[in-house]
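Notebook open, model loaded. I want to see how the pieces pack, one entry at a time.

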Amino acid sequence: MISADEFLSKVQMPTEFAHDSSSDCQRDGTTTMPQSTQREADNRSPVEQECFEECKEAALRSLDAAPRSSADLAKRLQRKDFDDVLIAEVIQRLQELGLLDDESYAEALLRYCLQRDMGERGVRMEMSRKGVDSVVSSRLIEEAAQQGQFVDAAYALGRSVARRTQGMERKVRMRRFWSAGGRKGHSPDTLRQVFADVFD
């Protein structure tokens with residue numbers, strides 16, 4: 001089973017070449033970006049532009065390693081001690097270039113979760129863990145629920161467990177299915193219905 005990052009990397013965006021640069025633009029360095037709104041490149045000083053490019057290249061390297069949400073990328077850049085305002089400018093620029101798209105990322109993550117037979121609660125937790133905006137995740141999850149995709153995932157999981165537990169005692173099969181369904185984040189009502197339809 002491939003990981004979420006491996007799956008999403010197959011459907012993600014292009015990157016640019018990066019080079020190593022100094023850490024002068026980091027929080028603990030000698031230069032800090034002013035606390036201001038987004039500035040165009042021609043309004044930045046040479047030092048500010050160098051800081052911007054350094055942060056942008058760090059962001060592109062992170063996206064090259066695996067697709068990420070804006071929130072997740074921001075946290076990773078913060079751990080590298082880049083200035084918060086600088087991070088916001090870089091993320092905005094990457095979004096303008098189409099290199100960072102939270103909607104597309106969330107849709108790909110949802111597809112991956114459904115391929116793993118995950119339920120609504122499991123998908124919501126995974127999206128939160130990956131830094132997907134709660135408004136975006138709630139909308140996509142609601143749409144998937146209305147289309148019956150989580151129920152379909154539960155039945156797929158049930159059929160898989162049923163095959164693996166063929167010939168075992170009923171209570172053992174029930175325990176294993178409920179354990180798997182709970183880990184995947186399916187609701188008790190759905191699991192109860194699937195067990196009755198698939199195992200009985």
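I started with the buried residues of α4, and they are V85, L86, I87, E89, V90, I91 and L94. For burial I used under 20% relative accessible area, with exposed over 50% and partly exposed in between, for a 1.4 Å probe and protein chains only. Helices here are DSSP runs of H or I with at least four residues, strands are runs of E with at least two, and numbering goes from the N terminus. This is a predicted model, so I kept to its limits: local features need pLDDT of at least 70, side-chain atom pairs count only at pLDDT 80 or more, and totals for chains, interfaces and linings use all residues. Residues are numbered from 1 along each chain as its sequence is written, and side-chain values use heavy atoms, with hydrogens and water left out.

**Helix α4, continued**

What do the buried residues of α4 pack against? I found α2 (46-65) and α3 (70-79) there, taking contact as heavy atoms within 4.5 Å.

Next I checked the length of α4. The helix covers residues 84-96, and its 13 residues should span 18 Å at 1.5 Å a residue. The expected span is 1.5 Å times one less than the number of residues. The end C-alpha atoms are 18 Å apart, so the two agree.

Then the ends. At the start of α4, a side-chain oxygen of D83 comes to within 3.0 Å of the backbone nitrogen of V85. Just after α4, G98 has a positive phi of about 80°.

I moved on to α3, where S70, D72, L73, A74 and L77 are the buried residues. Their cover includes α2, α4 and α5 (102-115).

Which residues touch the most other members of the largest nonpolar core? My list reads C55, L73, L77, F82, I87 and L94, out of 18 residues in that core. By nonpolar core I mean a set of buried Ala, Val, Leu, Ile, Met, Phe, Trp, Tyr and Cys residues joined through side-chain atoms within 4.5 Å. At least two residues of this core come from each of α2, α3 and α4. The most come from α2, which gives seven. Another core lies apart from it, with 16 residues, among them L109, Y112, C113 and M127.

I also listed the contacts of L73. Not counting residues up to four places away in sequence, L73 touches A59, S62, L63, R68, I91, L94 and L100.

**Positive phi without glycine**

Most residues other than glycine have a negative phi, so I looked for exceptions. D81 is not a glycine, yet its phi is positive at about 70°. D81 sits in the loop between α3 and α4. Its relative accessible area is 29%, so D81 is partly exposed.

D117 also takes a positive phi, about 60°, and is not a glycine. I found D117 in the loop between α5 and α6 (120-129). Is D117 buried or exposed? D117 counts as buried because its relative accessibility is 18%.

I counted three aromatic pairs. The rule takes rings of Phe, Tyr and Trp (its six-membered ring) with centres within 6.5 Å; planes under 30 degrees apart are stacked, over 60 edge-to-face, and the rest tilted. F195 and F199 form a stacked pair, 4.6 Å centre to centre with 15° between the planes. Ring pairs join F177, F195 and F199 into a cluster. F195 is buried at 4% relative accessibility, and F199 is buried at 10%.

R173 belongs to helix α9 (residues 170-184). With a relative accessible area of 11%, R173 is buried too. I also checked R173 against A162, 11 residues away along the chain, and their C-alpha atoms are 7.2 Å apart.

**Whole protein**

Last, the totals. I get 10 helices and zero strands. Buried residues make up 43% of the 200 residues. Among contacts with a separation of 6 or more, 68% are between residues 24 or more positions apart.

Terms used: Polar contact = N/O pair within 3.5 Å; in protein donor to acceptor, adjacent residues only side chain to side chain.
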